[in-house]
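Please find below my notes on the two-chain model you sent.

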Amino acid sequence: MSVDAEVILRTESVSKVFGGFTALRDISVDFRRGAITSIIGPNGAGKSTYFNLLSGAFAPTSGRVFFEGRDVTGLPQHRFAHMGVAKSFQITNVFPQLTTHENIRVAAQALQTCFDMWRPRAARRDLIDAADALLHLVGLADRRDRLAGTLAHGEQRALEIGMALASRPRLLLLDEPTAGMSPEETRSMMDLIVKLASERTVILVEHKMKLVMGISNRLLVLHHGELLAEGTPDDIRHNEDVKRVYLGKREH
Amino acid sequence: MTDLADNSAKRLAPSGFLEFARRHRTLLAALFLLVFPLLVPFKALAVNILIYGLYALGFNLLFGYLGLLSFGHSALFGAGAYICGILMVHVGMPWWAGVLLGCVAGAAMAAIIGTFAIRTSGIYFAMVTLALSQCIYYVFYQATGLTGGENGLRGVNVEMISIFGLRLNFVDPLTRYYVVAAFVIVALWILSRILASPFGAVIESVRENEARARASGYDVRRVRLVTFILSGAFCGLAGALQAIHLSIVPIELMHYETSGLVVMMALLGGMGTFFGPFVGAAVFLLLENLVSLWTVHWQLFVGAVFVVCVLFFPRGIWGSILHAMEKK
């Protein structure tokens, strides 16, 4: 197949079946490099399933996934970080008994060394500094030595993004980054995402449509496991199908 | 939320002494082990504590630091003991070669068991390791020509040893203690380095959150297997030392009771703490020896202590002490 440098990630008619239930049906999408693409849709639309296919958490039942032209279908999860794809989880997912700084340091270490069991950790000054820089970026510098499990919810979400960034990803996948956040936390998270998107491609799954309309370059709308619409925020806003299944209803 | 936050702030301000002790833990342990035989009623017990302490330490690397509960560690301990014994008795190797290869045998046995077991986790991991260790128990039980079967492998005798021209009488309990202690101190130092290394951080992160570790780019299965093998090396070394200490390898060393014993020791002392397993082994063996002086039902007493510990001090003896000191 031809490699289009503009396309960072592509799914070719991917489907996912759980038992007898078809969670995703035949979805083909090209994700553009450098853009913020948001995947939206009502509850149960298959957003998280699709996200998990993109991030390598599991393989599609059929269809293929390509990252930068390379077929990555069925590649084990831990390979994705090495390729330049990082993700944050929908449910907060940190190392609770490690300090905030150590959380990011371990994540940064993943691409450098795993089985180095002789030198002290402090010998890798570069990793320590990288972790400190990321703590500043996500606004947690003053929480450096706290145990991650004791941070406030919004702080843990920010920490997770810091951990995802630690692998210097070209593609950042965020699963409902503002889930359970207060309005203030949500606003600062959105600002952070826009800031991050200036240097890398961002794909995010979001339940709250209004939130992403303003910041996304492109939107995908999923409904009942199928791709309902795709386009710019304006396209989506005026799409009759989308209005019917999504905008017509009250938002949560 | 604020409550939690306040507690953690305290937790992270350990006193200067704790920080110092943590940095020089191997040195402090070595100094302690030098005077330890003077604090114990009989020297043979001190050697036992060293050996079971090392065994529990190796077990704790997997259980406390990586978070996998194995019920098959007797196979690793036993493999170390048997291979050391077989090489000395049947092949005629010197004692030190037997001990080193016993250590290697523990690692090799861990590689075999680990290859099958690391696909599972939780209770399934415990069951698979238990089943495999029982298979290995029967192999050694049946191979009477090599292992002596039910009677145990006899004649693992070490009398005089010479280290760099220095001749030592290994039959003398105190000398024997210091020889074994030398191995244990080196093992402690190596373990301490592993835990402080980047790989030590990976082990902790896998325990803390497997999915996150995987998403960060760690091959969780390989991390588990490598940790299992390291754990096997420590337990194999402990087994080999036990063989030369007892002059015999009883088949009971491989029995699953020996696997259960180490779980108890680690829990008693405090899983996931550096010295906890050692403290657990010491308390367990001291209780066993002292209580059995006045009653044959010592197990009842030790069992009660264990239950009280698990119910009221889930961090274990050493873990609770550390926690109390950190809170100050």
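1. Burial is used in several points, so its cut-off comes first: a residue is buried if 20 or more other C-beta atoms lie within 10 Å of its own, exposed if 12 or fewer, and partly exposed in between. By that count, both faces of β7(A) are covered. A:L171, A:L173 and A:D175 are buried on one side, and A:L172 and A:L174 are buried on the other. That makes five of the five residues of β7(A) buried. In a regular strand the side chains alternate between the two faces of the sheet.

2. On confidence: this is a predicted model, with ipTM 0.89 and pTM 0.91. Chain B has an average pLDDT of 91, and 95% of its residues score at least 70. The stretch to set aside is residues 1-13 of chain B, where pLDDT stays under 50. For that stretch the model has eleven contacts beyond four places in sequence. Where pLDDT is low, the predicted coordinates should not be read in detail.

3. The sheet of chain A. Six strands form an open sheet with mixed pairing, in the order β6-β7-β8-β3-β9-β10 (chain A). β6 (85-88) and β10 of chain A stand at the edges with a single partner strand each, so one side of each has no neighbour in the sheet. Direction ignored, neighbouring strands of this sheet are turned by 15° against each other on average.

4. The parallel part of the sheet. β6(A) and β7(A) run parallel and are joined by four bridges; A:A86 is the residue opposite A:L172 in β7(A). On to the next pair: β7 (residues 171-175) and β8 (residues 201-205) of chain A are also parallel, with five bridges. Within this pair, A:L171 has A:T201 of β8(A) as its bridge partner, and A:D175 stands opposite A:V205.

5. Helices on the sheet. Helix α6 (residues 183-197) of chain A packs on the sheet, where it touches β3 (36-40), β7 and β8 of chain A. The direction of α6 makes about 145° with that of β8(A). Helix α5 (residues 153-165) of chain A lies across β6 and β7 of chain A and runs at about 170° to β6(A).

6. Which way do strands β9 (residues 218-223) and β10 (residues 226-231) of chain A run, parallel or antiparallel? They run antiparallel, joined by five bridges. A:L219 has A:G231 in β10(A) as its bridge partner. Two residues lie between the strands of this hairpin, in which A:H224 takes a positive phi near 50°.

7. Other backbone angles to check. Most residues other than glycine have a negative phi, and most peptide bonds are trans. A:S13, in strand β1 (residues 7-18) of chain A, has a positive phi near 35°. A:S13 counts as exposed because it has 12 C-beta neighbours inside 10 Å. A:D26, in strand β2 (residues 21-32) of chain A, is not a glycine either and has a positive phi of about 55°. With 15 C-beta neighbours inside 10 Å, A:D26 counts as partly exposed.

8. α12(B) has 27 residues and reaches 39 Å from its first C-alpha to its last, close to the 39 Å expected at 1.5 Å a residue. Of those 27 residues, 22 are buried. B:S247, which follows α12(B), has a positive phi near 65°. Helix α16 (residues 316-327) of chain B has twelve residues and should span 16 Å at 1.5 Å a residue, which agrees with the 16 Å between its end C-alpha atoms. The buried residues of α16(B) are B:G316, B:I317, B:W318, B:G319 and B:L322; they pack against α13 (256-269), α14 (276-294) and α15 (298-312) of chain B.

9. The contact between the chains. How many residues does the contact take from each of chain A and chain B? It takes 34 residues from chain A and 28 residues from chain B. On the chain B side, the elements that give two or more residues are α1 (2-11), α9 (173-196), α10 (198-208), α11 (210-216) and α12 (220-246) of chain B. The largest share of that side, seven residues, comes from α10(B). By type, the side of chain B that touches chain A divides into 15 nonpolar, six polar and seven charged residues.

Notes
Residues are numbered from 1 along each chain as its sequence is written. Chains are lettered from A and ligands numbered from 1 in the order in which they are written. This is a predicted model: local features need pLDDT of at least 70, side-chain atom pairs count only at pLDDT 80 or more; totals for chains, interfaces and linings use all residues. Two residues are in contact if their C-beta atoms, placed from the backbone, lie within 7 Å. Ala, Val, Leu, Ile, Met, Phe, Trp, Tyr, Cys and Pro count as nonpolar, Asp, Glu, Lys and Arg as charged, and the others, Gly among them, as polar. Two strands pair if DSSP finds at least two bridges between them. pLDDT is the predictor's confidence in each residue, from 0 to 100. Axes are lines fitted to C-alpha atoms, for helices over the stretch in contact, and angles run from 0 to 180 degrees between N-to-C directions. The expected span of a helix is 1.5 Å times one less than its number of residues.
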